[in-house]
Amino acid sequence: MHTQKLDDSVLVSNYIAGNERCLEILILRHKQRIFSFIYSKVQDRDVADDIFQDTFIKVINTLKLGKYNEEGKFLPWTMRIAHNLIIDFFRKGNRMPTFQNTDEFDIFSVLSDNSLTAEGKIIKNQIHDDVRKLVEELPEDQREVLMMRIFRDMSFKEISEQTNVSINTALGRMRYALINLRKMIDNNNIILTN
């Protein structure tokens with residue numbers, strides 16, 4: 001069996017069945033694309049190396065636990081893991097870039113690429129549509145705070161005054177809105193990469 005020419009899904013199945021070489025082939029096959037994506041966001045080779053390694057540690061753990069769902073393709077799934085680790089990296093260091101507040105709901109613009117191809121624009125629009133639909137599913141109080149903060153660029157003080165709740169309550173609602181969005185994104189297997 002010549003493993004180099006096998007489809008990703010076959011390599012994943014063979015790796016799960018115990019053929020360690022198949023994972024090595026998958027990593028080599030996709031290393032350049034995944035690493036370039038990570039590096040383009042963090043702009044630091046050492047950090048990109050760490051996130052790349054953490055990505056494949058998560059891939060290995062998920063495959064070994066039997067939690068990989070073949071509905072999605074291997075590369076987009078791996079890119080989503082890398083994307084989430086990049087967000088975690090920015091959060092941990094309080095390095096998260098600020099939102100671009102426009103009429104469009106663009107919460108994930110922090111990871112956007114300015115040089116979008118036609119395909120990239122379609123994907124970006126699909127991401128925005130997916131996020132908008134998820135926002136609609138949030139509980140009313142969380143959705144209200146999120147919309148005021150993101151769409152109308154209101155401060156938490158202004159939000160608390162308009163909604164007649166304390167600033168801490170407004171902050172809490174925003175926090176829960178973001179937590180719930182992330183859960184819905186994970187549960188719906190939405191990939192937020194271009």
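Trainee: Which residue forms a salt bridge with Lys157?

Mentor: That's Glu161, and the closest N and O atoms are 2.8 Å apart. Keep in mind that this is a predicted model.

Trainee: How are Glu161 and Lys157 placed in helix α7?

Mentor: They sit four residues apart in that helix (residues 156-163), so about one helical turn separates them. Glu161 is partly exposed, at 48% relative accessibility.

Trainee: How many salt bridges does a search of the whole structure find?

Mentor: Seven. One of them joins the side chains of Arg143 and Glu140, at 2.7 Å from N to O.

Trainee: Are Arg143 and Glu140 buried or exposed?

Mentor: Arg143 counts as buried because its relative accessibility is 17%, while Glu140 is exposed at 55%. The two are three residues apart in helix α6 (residues 140-150), so again about one helical turn lies between them.

Trainee: And what does Glu24 meet in a salt bridge?

Mentor: Arg21, with 3.3 Å from N to O. Glu24 is in helix α2 (residues 20-42) and is partly exposed at 44%; Arg21 is partly exposed too, at 37%.

Trainee: Changing topic: which residues form the negative surface patch?

Mentor: Asp44, Asp46, Asp49, Asp50 and Asp54. Among them, Asp46 is in helix α3 (residues 45-64) and counts as exposed because its relative accessibility is 57%.

Trainee: What about Asp8, buried or exposed?

Mentor: Buried, because its relative accessibility is 15%, under the 20% cut-off. Asp8 belongs to helix α1 (residues 8-16). Leaving aside residues up to four places away in sequence, Asp8 touches Leu26, Arg29, His30, Phe74 and Leu75.

Methods:
Residues are numbered from 1 along each chain as its sequence is written. This is a predicted model: local features need pLDDT of at least 70, side-chain atom pairs count only at pLDDT 80 or more; totals for chains, interfaces and linings use all residues. Side-chain values use heavy atoms; hydrogens and water are left out. Patches are made of residues with over 30% relative accessible area and no salt bridge: like charges are joined within 9 Å, nonpolar side chains (Val, Leu, Ile, Met, Phe, Trp, Tyr) within 5 Å. Accessible areas come from the Shrake-Rupley method with a 1.4 Å probe; for residues, only the protein chains shown count as cover. A salt bridge is a side-chain nitrogen of Lys or Arg within 4 Å of a carboxyl oxygen of Asp or Glu. Lys and Arg count as positive and Asp and Glu as negative; His and the chain ends are not counted. The place of a charge is taken as NZ of Lys, CZ of Arg, CG of Asp or CD of Glu. Buried means under 20% relative accessible area, exposed over 50%, partly exposed in between (1.4 Å probe, protein chains only). Contact means heavy atoms within 4.5 Å.
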